[in-house]
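Colleague: Before we discuss the pockets and the ring contacts, could the model be displayed for reference?

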Amino acid sequence: MKSSQAYLLVLLISFLSISCNRNAASQSSRSKLNETDVFKNYWYSGKAELNSFILEQSRYGELRDGKAVLIFVTEDFSQKKQVKLDDPEKAGNDKTSVLKMNFTKNFVTGIYPYSMMLSVFTPVSRDQFPNSLKATMTSQEWCGHVFNQLNLRDKEYYVSAYSYFEQEGDEKTTVNNAILEDELWNIIRLDPENLPVGDFLMIPGLFFTRLRHSDIKETLVNAVKSESESEMLYTVAVKDQERILAIRFEKSFPHKILGWEESFTERGNATRTKAVLDKTLILDYWTKNKNEFRYLRDSLHLSPNNY
């Protein structure tokens, strides 16, 4: 049996075993982690958490070496405009605190590079705001570029899609409110006890829908959590995509992301994308924009001249 066939067989067996769990998605009672001093001291220190990852990205049926960066930081956000507030003190009740994730991937396919970025804005107070307010994704490569945005309005996500591909842009549509795959990373950081498990509806990640050229719509998934002495693994099976996403993170606070793996089929072959944590910095990076600070990129094992 070819290795790709064997890999696909393992993937399908995993789907079957996970799909046996027919419990509805559930979340434990809110732990109020965001109200603890340890949470506030970490996430409201005036700095961001920068994480670089060694990336193996599957594209066009081959694995590509690259780098990924996950940046987590809190900021004051406008509920109405769904943008970062310039003057939070004047915003009154419109202001809410969000955990922002900026997620970048950079890799090369043959002669030309890919540069992708995802931003997700998840309110810290999930009792008041159980869903992320906004997610955006942009992808650039030498053929052209793509931009997608989801805004939560009146129990629906309003989707704006702009693309150089005829079938993908320019479009505006709505999607029923469901858990975003892209907000799972923020839920892990805010309170992993409340990760949904069992069967539930989810809007697949904007990176994956972009690379697969698939519609942004809710789909049935099944998720399970497992743990070891110091780590936890959150695994989501996206059934109609024959795809499994597994995110590994620290069991203890601040629940840092340690890596992830996506298993799926591409061009008829079983493949996977994988990332492993390389370096972490806690830094107010927005104040480090002069040439004298370029050495900090080396601290993250990032090229000094590239993204």
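Modeller: For the classes used below, Ala, Val, Leu, Ile, Met, Phe, Trp, Tyr, Cys and Pro count as nonpolar, Asp, Glu, Lys and Arg as charged, and the others, Gly among them, as polar. The model is a predicted one.

Colleague: How do the residues of the lining of the largest pocket divide into nonpolar, polar and charged?

Modeller: The largest pocket holds about 620 Å³ of space. Its lining comprises 25 residues, and those closest to the centre are Val-69, Ile-71, Tyr-285, Arg-297 and Leu-302. Strands β2 (62-78), β3 (95-109), β4 (112-123), β5 (134-141) and β15 (269-283), together with helix α5 (295-299), each supply at least two residues of this lining. By class, the lining of the largest pocket divides into 14 nonpolar, seven polar and four charged residues.

Colleague: Which element gives the largest share of the lining of the second largest pocket?

Modeller: The second largest pocket has about 420 Å³ of space. Its lining has 32 residues, with Arg-59, Phe-207, Phe-208, Leu-211 and Arg-212 closest to the centre. Elements that give two or more residues are β1 (48-59), β3, β4, α4 (206-212), β13 (243-250) and β14 (257-266). The largest share, six residues, comes from α4.

Colleague: How many charged residues are in the lining of the second largest pocket?

Modeller: The classes in the lining of the second largest pocket include 15 nonpolar and six polar residues. The number of charged residues there is 11.

Colleague: Which residue in the turn between β1 and β2 has a positive phi?

Modeller: The two strands form a hairpin with two residues between them. A positive phi of about 55 degrees is found in this turn at Tyr-60.

Colleague: Is the aromatic pair of Phe-39 and Phe-253 stacked, tilted or edge-to-face?

Modeller: This pair belongs to a structure in which 17 aromatic pairs are found. The centres of the Phe-39 and Phe-253 rings are 6.2 Å apart and their planes are 50 degrees from each other. Because planes under 30 degrees apart count as stacked and over 60 as edge-to-face, the pair of Phe-39 and Phe-253 is tilted.

Colleague: Which residue lies over the face of Phe-72?

Modeller: Phe-72 belongs to a cluster linked by ring pairs, together with Phe-39, Tyr-42, Trp-43, Tyr-44 and Phe-253. Over the face of Phe-72, at 4.8 Å from the ring centre, lies Arg-189.

Colleague: What distance separates the C-alpha atoms of Ser-303 and Lys-67?

Modeller: Ser-303 is placed in the segment after α5 and is partly exposed, with a relative accessible area of 31%. Along the chain, Ser-303 and Lys-67 are 236 residues apart, and their C-alpha atoms are separated by 9.6 Å.

Methods: Residues are numbered from 1 along each chain as its sequence is written. This is a predicted model: local features need pLDDT of at least 70, side-chain atom pairs count only at pLDDT 80 or more; totals for chains, interfaces and linings use all residues. Side-chain values use heavy atoms; hydrogens and water are left out. On a 1 Å grid over the protein atoms alone, a cavity is a set of points where a 1.4 Å probe fits but cannot get out, and a pocket is an open set with protein on both sides within 12 Å along at least five of seven lines; lining residues have an atom within 4 Å of a point. Grid points are joined across faces, edges and corners, and a volume is the space filled by probe spheres set on the points. Helices (H or I, at least four residues) and strands (E, at least two) are DSSP runs, numbered from the N terminus. Rings of Phe, Tyr and Trp (its six-membered ring) pair if their centres lie within 6.5 Å; planes under 30 degrees apart count as stacked, over 60 as edge-to-face and the rest as tilted. A charge sits over a ring if NZ of Lys or CZ of Arg is within 6 Å of the ring centre and within 35 degrees of the ring normal. Two strands pair if DSSP finds at least two bridges between them. Buried means under 20% relative accessible area, exposed over 50%, partly exposed in between (1.4 Å probe, protein chains only).
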